[in-house]
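Biologist: Thanks for sitting down with me. Could you show me the model and take me through the words you use for it?

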Amino acid sequence: MNIEISDRLKQLPPYLFVELDRLKQEALNKGRDIIDLGIGDPDRATPEHIIKELQRSAGDSANHHYALDWGMSRLREAIAGWYNRRFDVRLDPNKEILPLIGSKEGISHIPLGFINPGDVVLVPTPGYPPYTASAIFAGARPVFLPLLERNNFLPDLENIDRDVLNKAKMMFLNYPNNPTSATATKEFFEKVVDFADKNGIIVCHDAAYSEIYFDGNKPMSFLEVRGAKEVGVEFHSLSKTYNMTGWRIGFVSGNQQIIKGLRTVKSNIDSGIFQAIQLAGIESLNGPQDSVEQMREIYQERRDVLVNGLNSIGWNVSKPQATFYVWAHALDGYSSSELSKIFLEKLGIVTTPGVGFGESGEGYIRMALTVCKERIKEAVERIAEFKKYC
């Protein structure tokens, strides 16, 4: 029998991280000493008090059943409390918060609740690949909003074609931004609220990196802006903040009608988060936060080692104010893919080509601060040897 994949799958670009893993594995199989600055997976362990709570609750048979799709009320209350403490934003835990099996899951499913075939979804480029994939799976046409350095990597909302706006139903945004590390201002978010309200567009703001910031510059929440809850929602993840990437727990907050729509989608797709993980999530939000501050200090030290090191060898790289990524111009004479391939094959360094995040990412590579500073120093030394011959 001839098995054919769907037209939706045919529309998807190759998933960037799968290809990176393949190339990295080939190098490892050859015995290469690889320094992995590619995928943003934290290298630090989950804090001990969170692990202990999982161990305790996993041993309780009361948690060995289907979880409610709305999530535990205690978890929603913990999320509301965290938002209030961190952003001074008040949320109704019974209407404006929905736990997720990681924020990626919610981002991937939300268009299914509001998008019809032929609608337009506005997607930032360069951007996190699931924004595009989720639009395609919902039968929408993704229209890309370039994030350009001259605009501080913020989309130009004033010059979107009117025919596009007439069909646009949803827009993804992400600040602090992956991959550019850009942050957004209150003035920008105010423009977003006004833009969305005038054009009837749902805003989906991905704030997964809100707690990874440097030099005391705390990023704000989209929901802090007046009117934000009228037009959109904000996604968060425990993955980056508490080094819980493999645990798969996140949440979305904001407009109660949007929350209700996503909950309806999820109730037909999954059966909720394992309750023991929810209890561990409560511990992460309500427990001691010293590990989060320590994490920021570690990433800031690594950022300084990498950026200062690259600049010392003649590479003009700016210091990011948030996320654990460095977004650097590709070296003269190389495309982003060519440079990443050379770095891997000749230097044993994994980086991410900017074009993998969309056309506007061409000319850049992304480096993740998810290895120790000693390995980052070694990566700079390898690059310095390579640059001698450029």
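Modeller: Happy to. Let me begin with a term: helices (H or I, at least four residues) and strands (E, at least two) are DSSP runs, numbered from the N terminus. This is a predicted model, where local features need pLDDT of at least 70 and side-chain atom pairs count only at pLDDT 80 or more, while totals for chains, interfaces and linings use all residues. Residues are numbered from 1 along each chain as its sequence is written, and side-chain values use heavy atoms, with hydrogens and water left out.

Biologist: What separates Arg22 and Glu26 by about one helical turn?

Modeller: Arg22 and Glu26 are four residues apart in helix α2 (residues 16-29), so about one helical turn lies between them.

Biologist: And what makes the pair Arg22 and Glu26 a salt bridge?

Modeller: The term asks for a side-chain nitrogen of Lys or Arg within 4 Å of a carboxyl oxygen of Asp or Glu. For Arg22 and Glu26 the N to O distance is 2.6 Å, so the pair meets the rule. By this rule the count comes to 22 salt bridges.

Biologist: Why is Arg22 called partly exposed?

Modeller: Buried means under 20% relative accessible area, exposed means over 50%, and partly exposed is in between (1.4 Å probe, protein chains only). Arg22 has 39%, so it is partly exposed. Glu26, with 35%, is therefore partly exposed as well.

Biologist: Which class do Arg90 and Asp88 fall into?

Modeller: Arg90 is exposed, and so is Asp88. Their side chains also meet in a salt bridge, at 2.9 Å from N to O.

Biologist: For Asp304 and Arg303, how do you know whether each is buried or partly exposed?

Modeller: Asp304 has 21% relative accessibility, so it counts as partly exposed. Arg303 has 2%, so it counts as buried. The closest N and O atoms of Asp304 and Arg303 are 3.0 Å apart, and the two form a salt bridge. Elsewhere, salt bridges that share partners join Asp33, Arg375, Glu378 and Arg382 into one network.

Biologist: Which residues of α14 and α15 meet?

Modeller: Leu339, Ile342, Phe343 and Leu347 in α14 meet Arg382, Ile383 and Phe386 in α15. Contact here means heavy atoms within 4.5 Å.

Biologist: What makes Ala368 buried?

Modeller: Its relative accessible area is 0%, so Ala368 is buried. Ala368 sits in strand β12 (residues 364-368). Leaving aside neighbours within four places in sequence, its contacts are Leu37, Gly38, Ile39, Gly40, Phe324 and Tyr325.

Biologist: And Ser181, why is that one counted as buried?

Modeller: Ser181 has 6% relative accessibility, so it counts as buried. Its place is the loop between β5 (168-174) and α8 (186-199). Beyond neighbours within four places in sequence, Ser181 touches Pro320, Ala322, Thr323, Tyr325 and Val326.

Biologist: Which peptide bonds are cis?

Modeller: Among them are the bond from Thr125 to Pro126, with omega near 0°, and the bond from Asn178 to Pro179, with omega near 20°. Pro126 lies in the loop between β3 (120-125) and α6 (129-137), whereas Pro179 is found in the loop between β5 and α8.
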